[in-house]
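Welcome! Here is a short briefing to read alongside the structure, grouped by topic.

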Amino acid sequence: MSSRRAPRGEYIETDTGNKVARKATLVGTQHIMLGGKTVIQPDAMIRGDLVRTIHPSSQSGGNAAPQNNTAISIGRYCFLSRNCCLRPPGRFYKGAFTYMPLRMGDHVFVGPGAVVQAASVGSHVHIGAGCVIGEFAIIKDYVRILDGTVVPPNMVIPSFSIVAGQPARVIGEVPEGGHEAFELRDLYKTVGNNPQPAPH
């Protein structure tokens, strides 16, 4: 029995222009915030189910504002490649294990097979293939992390750094005028159900 309906696109496109592959795994979607124009490729995994269970302000009065339970927030024009995994970092807090939010800026490229458990990733960051970003690492803006780099937990990577190694160390800096390389608008256009070829 064949259905005559048009084939479903590989990507689901949201009102804000996010392109989420049907084969991507987003767990706990109510805790995942996408800023718009973000691409999530097939087999990428985002663990929104790992939310904060303990709130520092839970002792306040009953009329407190609702808790912000975002596990992962992702800015605009981010690109999550195949088989990458985003999961919030976790730690013991007041005697119990809890997760803290993972925040990502705009124009962040996460390479294939990379695992990101940072506390925060700035804007215009390129994370190469197979990288491991340890828990609670802080990556500032305009950082390029080369393929296969292992960033240890709690490491702070300053802006305009080029980082490589296992464990990671700063091996250079992003050159003046090298910032356009982090723009992901053109890459965004090449993906989805109506892709455009990349400009040459």
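Start with the open sheet of nine strands, which has mixed pairing and the order β1-β2-β5-β8-β13-β16-β19-β22-β23. Its edge strands, β1 (11-13) and β23 (169-173), each pair on one side only. Strands here are DSSP runs of E with at least two residues, helices are runs of H or I with at least four, and both are numbered from the N terminus; two strands pair if DSSP finds at least two bridges between them.

This is a predicted model, in which local features need pLDDT of at least 70 and side-chain atom pairs count only at pLDDT 80 or more, while totals for chains, interfaces and linings use all residues. Residues are numbered from 1 along each chain as its sequence is written, and side-chain values use heavy atoms, with hydrogens and water left out.

- Strand β8 (residues 79-80) runs parallel to strand β13 (residues 108-110), and two bridges join them. In this pairing, F79 stands opposite F109.
- β19 and β22 also run parallel, joined by two bridges. Here R144 stands opposite I162 in β22.
- β22 and β23 pair in the antiparallel sense over four bridges, with S161 opposite E173 in β23.
- These two strands, β22 and β23, form a hairpin with four residues between them, and G165 in the turn has a positive phi of about 110°.
- Along strand β22 (residues 161-164), S161 and V163 point one way and I162 and A164 the other, and all are buried. Buried means under 20% relative accessible area, exposed means over 50%, and partly exposed lies in between (1.4 Å probe, protein chains only).

**A second sheet**

- Six strands form another open sheet with parallel pairing, in the order β3-β6-β9-β14-β17-β20.
- At its edges stand β3 (25-27) and β20 (150-151), each with a single partner strand, so one side of each has no neighbour in the sheet.
- Two bridges join β6 to strand β9 (residues 85-86), and these strands run parallel. I46 stands opposite L86 in β9.

**The nonpolar core**

- A nonpolar core is a set of buried Ala, Val, Leu, Ile, Met, Phe, Trp, Tyr and Cys residues joined through side-chain atoms within 4.5 Å. The largest one has 44 residues, and those with the most contacts inside it are L86, V110, V116, I127, I133 and I145.
- Elements that give two or more residues to this core are β2 (19-21), β5 (39-40), β7, β8, β12 (102-104), β13, β16 (125-127) and β19. With three residues, β13 gives the most.
- In soluble globular proteins, nonpolar side chains tend to be buried together.

**Residues in the loop between β6 and β7**

- T70 lies in the loop between β6 (45-47) and β7 (72-76). T70 counts as buried because its relative accessibility is 15%. Setting aside residues up to four places away in sequence, T70 touches H31, M33 and P101.
- V51 is found in the loop between β6 and β7 too, and V51 is buried, with a relative accessible area of 14%. Not counting residues up to four places away in sequence, V51 touches H31, N69, A71, T98 and Y99.

**A closer look at R144**

- R144 is found in strand β19 (residues 143-145) and counts as partly exposed, at 24% relative accessibility.
- The charged end of R144 sits over the ring of F182, 5.0 Å from its centre. For this, NZ of Lys or CZ of Arg must be within 6 Å of the ring centre and within 35 degrees of the ring normal.
- The charged end of K19 sits over the ring of Y188, 4.0 Å from its centre.

**Aromatic pairs**

- Rings of Phe, Tyr and Trp (its six-membered ring) pair if their centres lie within 6.5 Å; planes under 30 degrees apart count as stacked, over 60 as edge-to-face and the rest as tilted. The count comes to six aromatic pairs.
- Y77 and Y188 form an edge-to-face pair, 5.6 Å centre to centre with 80° between the planes. Y77 lies in the loop between β7 and β8 and Y188 in helix α1 (residues 185-189), so the pair ties together parts that are 111 residues apart in sequence.
- F92 and F97 form another edge-to-face pair, 5.4 Å centre to centre with 75° between the planes. Ring pairs link F92, F97 and Y99 into a cluster.

Definitions and conventions
Contact means heavy atoms within 4.5 Å.
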